[in-house]
Amino acid sequence: MPKTITKERAEKVARAHACEHCGEYSYKKLNIKPAAAAHQKEFGEVWHCVKICGVCGMEQELGIDGEGEIAYVN
């Protein structure tokens, strides 16, 4: 079984990614949960993150793979 990062590490990776709209690193909501089976298969995602920017309010989704790399940003 391949190594995967912890939920705490996935949260650090998500917080280190700036808002796609305004470039800020402040988030008023950050929710991380295990990826759905379909996302695991399609994107190689292990953790799914939904975050809302604390400055502009933009909602973003991140997919984080088992090595801590961002698989996609939506």
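Which residues does glutamate 45 touch, not counting residues up to four places away in sequence? In this predicted model, the answer is Ala35, His39, Gln40, Leu62, Gly63, Ile64, Asp65 and Tyr72. Glutamate 45 itself is found in strand E2.

Glutamate 45 is buried, yet it has no salt bridge. A salt bridge would need a side-chain nitrogen of Lys or Arg within 4 Å of a carboxyl oxygen of Asp or Glu. The nearest side chain of opposite charge belongs to lysine 33, and it is 9.2 Å away. The side chain of glutamate 45 does make a polar contact, at 3.0 Å, with the side chain of histidine 48.

Leucine 62 is one of the residues that glutamate 45 touches. Leaving aside its neighbours within four places in sequence, leucine 62 is in contact with Ala14, His17, Glu45, Trp47, His48, Cys49, Lys51, Ile70, Tyr72 and Val73. Leu62 also belongs to the largest nonpolar core. This core has nine residues in all: Ile5, Ala10, Val13, Ala14, Ile32, Trp47, Cys49, Leu62 and Ile64. The largest share, three residues, comes from H1.

Tyr72 is in contact with leucine 62, and glutamate 45 touches Tyr72 as well. The next step is to look at aromatic rings. A pair of aromatic rings is described by the distance of the centres and the angle of the planes. A search of the whole structure finds one aromatic pair. Its members are phenylalanine 43 and tyrosine 72, whose ring centres are 4.7 Å apart; their planes stand at 40 degrees, so the pair is tilted. Phenylalanine 43 lies in helix H2 (residues 37–43) and tyrosine 72 in strand E4 (residues 70–73), so the pair ties together parts that are 29 residues apart in sequence. Phenylalanine 43 is partly exposed, because its relative accessible area is 37%. Tyrosine 72 has 15% relative accessibility and therefore counts as buried.

Where does histidine 21 lie? Histidine 21 is found in the loop between H1 and strand E1 (27–34). Its relative accessibility is 59%, so histidine 21 counts as exposed. Not counting residues up to four places away in sequence, histidine 21 touches Cys56 and Met58. Histidine 21 and methionine 58 are 37 residues apart along the chain, and their C-alpha atoms are separated by 7.1 Å.

Definitions and conventions:
Residues numbered from 1 in each chain as written. Predicted model: local features only at pLDDT ≥ 70, side-chain atom pairs only at ≥ 80, totals over all residues. Heavy atoms only, no water. Phe/Tyr/Trp six-rings, centres within 6.5 Å; stacked < 30°, edge-to-face > 60°. Helix = DSSP H or I, 4+ residues; strand = E, 2+ residues; numbered from the N terminus. Buried < 20%, exposed > 50% of the residue type's maximum accessible area, 1.4 Å probe, protein only. Core = buried A, V, L, I, M, F, W, Y, C linked by side-chain atoms within 4.5 Å. Contact = heavy atoms within 4.5 Å. Lys, Arg positive; Asp, Glu negative; His and termini not counted. Polar contact = N/O pair within 3.5 Å; in protein donor to acceptor, adjacent residues only side chain to side chain.
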